[in-house]
Every structure is written in structure tokens, then in C-alpha cells.
Amino acid sequence: MRLGLLYPTRNAGEDDFLDLAGRLHPALDLAVRYFPWPSDVDDVGELDLAQVTDAVRRLGSDDHLATALRDLEPFDAVAFAVTSSSFLTDTRHQLETLRRLSGAPATSTTAAFQDAIRFLGFDTVALASVYHPSLSDRFIARIREADADVVHRVDASAGSDRELAAWPAERIIDLVARAAHPAAQAVLVPETALHANRLTVDLERAAGCPVLTATQVTLWAAARLVGARPTAEGAGPLFRP
């Protein structure tokens, strides 16, 4: 079964998805399909908050997806691996659009977080967000749709996806440690550009509870679409053997 990972920026964290896909048992046959930002967006890191929010929303819009994914090669399932673009719009509608355009079952990182929370039975979580608080608020609203409360949050207000892909391990671990809360059953790390795949054990030690990263939930949800149930040591609660 071949899975398509829809990803917007080259060399900005997609290798973390490929790394995790390769160490699962059985390994996932994952192909990264790049699609461009809107034509008037040159560097997200140079935009102000309002401009970033607009650009990210348009990245996941029906019209842009229809243009960007024209002539998409066949996949058995696709995953829209852009967290912010998938929580700034109606999640169900976006999934319907992705299914129509790809002709395959589809998930998104935000939908995957919702599914993972329901699957694991979590009703209280903490948020380790790299986003501005106004964007984190939108993600929290999607988490509430999965009947979970965010009992604590940290908002890093970080820069572009390329900048986040360069964060060192200690910075990611510190973000999760600051987000940890005794009432949280898990800590959520929703950014797809962070290289967190090999840090899961350290993140869970820092949090004192399970940690769900964007990479974990996206691949887990995509695998479920094709009936796969892969496992791996040290890859979080969704992949425990």
C-alpha cells in the first residue's frame, strides 16, 4: 500500500516522516508529494501574523488544493501534513476535498490528532505549540471537537517551517517540558516541521506522560486508512508493540 504525504516546503521536516515510516514494522511505503505555497508567498518567515494566517489558510483552500494537486499520481491513501492549514478551515470539508481530488481515502494532521485522542481515550491534554497564541486557539478548538480539554499550553510564537526544522533537540524537549501538566494525560506537539521522531522517549520522560507529535499521528492515521497497524519501539503510544 502506497501512501502519499502532501507537504509544502522542501527540506523542512519531511525527512522526519520518512525516517519514522522506515522504522515501523511493517515499514510504510511513503512518498512525499510537494505542492507550492500560493504564488504571492515567497518566504513565510518574512510575513507578519495576519499575512501568515492568510497564507496558511489559502494553502489549504479548495481552490489552491485543486490547482496544486492537479495530476496527482495514484495513492492508496493521502495525508495532508500541514497542521495549521488543516485547523484554519473546516476539517471535514477539507478531507472531502482531498478525497475528491486524490480519488483516495484522506486524512490531515489535525484530523489525525482528533482521531488519535479518541482512539486513546484522552479527555485532558496539554499543548506544546510553536504557534502564535491566536493560531493555537484555533487548534485548541479542533481538539475540543474530539471531546478533550487543553488544561495547559505553551505558545512559542516561532517562525517559518524551515526555521522550525532546524530546531535542536534540546529546544523541542524544553518546549514539551514547559507544556507538561499533572492533569494532562498527554502532551500534543502539532508542528509537522519539527524533527521529533527520534526524540519520543526523551519527550515522554520530560513530559511525564505520553507525547503525540504531528509526525506520529499523521502516519498512524494514514496507515489506518489502508488497514495497516504498524508498530515500533520508542515511537509513542500509537505504535507501541
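Author: Let us begin with a term: buried means under 20% relative accessible area, exposed over 50%, and partly exposed in between, with a 1.4 Å probe and protein chains only. Helices (H or I, at least four residues) and strands (E, at least two) are DSSP runs, numbered from the N terminus. This is a predicted model, in which local features need pLDDT of at least 70 and side-chain atom pairs count only at pLDDT 80 or more, while totals for chains, interfaces and linings use all residues. Residues are numbered from 1 along each chain as its sequence is written, and side-chain values use heavy atoms, with hydrogens and water left out.

Reader: Which residues of helix α1 are buried?

Author: In helix α1 (residues 14-23), the buried residues are Glu14, Asp16, Phe17, Leu20, Ala21 and Arg23.

Reader: And what do they pack against?

Author: The buried residues of α1 pack against β1 (2-7), β2 (29-34) and α11. Contact here means heavy atoms within 4.5 Å.

Reader: How do α1 and α11 cross?

Author: Their axes come within 10 Å and cross at roughly 55°. Axes are lines fitted to C-alpha atoms, for helices over the stretch in contact, and angles run from 0 to 180 degrees between N-to-C directions. Angles under 35 degrees count as roughly parallel, over 145 as roughly antiparallel, 65 to 115 as roughly perpendicular and the rest as oblique. α1 and α11 are therefore oblique to each other.

Reader: Which residues meet there?

Author: Asp16, Phe17, Leu20 and Ala21 of α1 meet Ala214, Thr215, Gln216, Thr218 and Leu219 of α11.

Reader: What about α9 and α10, at what angle do they cross?

Author: The axes of helix α9 (residues 169-179) and helix α10 (residues 200-207) cross at roughly 30° and come within 8 Å. That makes α9 roughly parallel to α10. On the α9 side the contact is made by Ile172, Ile173, Val176 and Ala177, and on the α10 side by Asp202, Leu203, Ala206 and Ala207.

Reader: New topic: is phenylalanine 139 buried or exposed?

Author: Phenylalanine 139 is buried, with a relative accessible area of 0%. This phenylalanine 139 is found in helix α7 (residues 133-144).

Reader: What is phenylalanine 139 in contact with?

Author: Leaving aside neighbours within four places in sequence, phenylalanine 139 is in contact with Thr83, Phe87, Phe113, Leu127, Leu188 and Pro190.
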